Amino acid sequence: MNGRNISNNMVLVLAFAALVVLLLAACGGGGASGMTREPAQDECDATSVLENGVCRTFAARMDERIDTSFTEMGESVSLEVVLFRPLADGRYPTIVFHHGSTGNGSDPSLFGNTFTSKSLAFYFVERGWMVAFPQRRGRGKSNGLYDEGFKPDRSGYSCEQALALGGAVHALEDLDVITDWVRNRSDVDTTRLLVGGTSRGGILAVAHTAQRPDVYLAAINFVGGWIAEGCGDYRSINRTLFVDGAAFPGPSVWLYGEHDSFYSLPY
């Protein structure tokens, strides 16, 4: 890939890669080659896959912190990011993959869960890519307030346009900081960067490419949306963010499925 010139073949490759990842995530399916398969959770750790009865390490996992200029209550805010990198030293093409919401936002105990996907990490690392899973403010081990468009009493996510889109702007600020941090790493090939995400992470990935068209070659969107279908101002909220992303001149791959409880195919 040279600059912003991406052939139709590359778009097909991205679509295939995203589809395989989706199938792996849904089914716990086979690996990239041979007898490798995605192991059950208790068989191998997050960086290993089962081959001929033995767990083979496929990636080096690094748990990092991103220092930011954000402050809350006089305290500096830093963000957690989990990296899965090929085992050899080098500069790698990298996909930054963003997490989604926590259902309807009514269970604060879920906010502290660090999101990663072993299936996605395995698929891309086996093909020579590094994968970054950043956690936005107040999520995972990132500090700061999780403030992505809640109702005034914080009983759940708001379906009102002003509150919801304000939360999206808050999240996009995090994506900007994360992007700059990734670009400044010595092990990242900055000419080959992709962004992706699931649910809220998917719509954020699409919207953010338009803000950073000089950085990302393409976006992969897994069932992306900010507010679930049928919830208040969901049409105008989701449309606003996707229309923002339409200014991006590169390709994006969108994957949705039948019987999804948040975003139906007709929608």
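Predicted model: local features only at pLDDT ≥ 70, side-chain atom pairs only at ≥ 80, totals over all residues.
Which residue forms a salt bridge with Arg85, and how far apart are the closest N and O atoms?

Residues are numbered from 1 along each chain as its sequence is written, and side-chain values use heavy atoms, with hydrogens and water left out.

**View 1. Arg85 and Asp187 form a salt bridge.** The answer to our opening question is Asp187, with the closest N and O atoms 2.9 Å apart. A salt bridge here is a side-chain nitrogen of Lys or Arg within 4 Å of a carboxyl oxygen of Asp or Glu, and by this rule the count comes to 13. Arg85 sits in strand S4 (residues 75-85), while Asp187 is in the loop between H3 and strand S7 (188-198), so the pair links distant parts of the chain, 102 residues apart. Helices (H or I, at least four residues) and strands (E, at least two) are DSSP runs, numbered from the N terminus. Arg85 is buried at 16% relative accessible area, and Asp187 is buried as well, at 5%. Buried means under 20% relative accessible area, exposed over 50%, and partly exposed in between (1.4 Å probe, protein chains only).

**View 2. Asp176 and Arg212 meet through their side chains.** Their salt bridge has an N to O distance of 2.8 Å. Asp176 belongs to helix H3 and Arg212 to the loop between H4 and S8, so the pair ties together parts 36 residues apart in sequence. Asp176 is partly exposed, at 27%, whereas Arg212 is buried, at 11%.

**View 3. Arg192 pairs with Asp189.** The closest N and O atoms of this salt bridge are 2.9 Å apart. Arg192 is partly exposed at 30% relative accessibility, but Asp189 is buried at 14%. Elsewhere, salt bridges that share partners join Glu64, Arg85, Asp89, Arg185 and Asp187 into one network.

**View 4. Helix H5 spans residues 234-245.**

Methods: Expected span 1.5 Å × (residues − 1).
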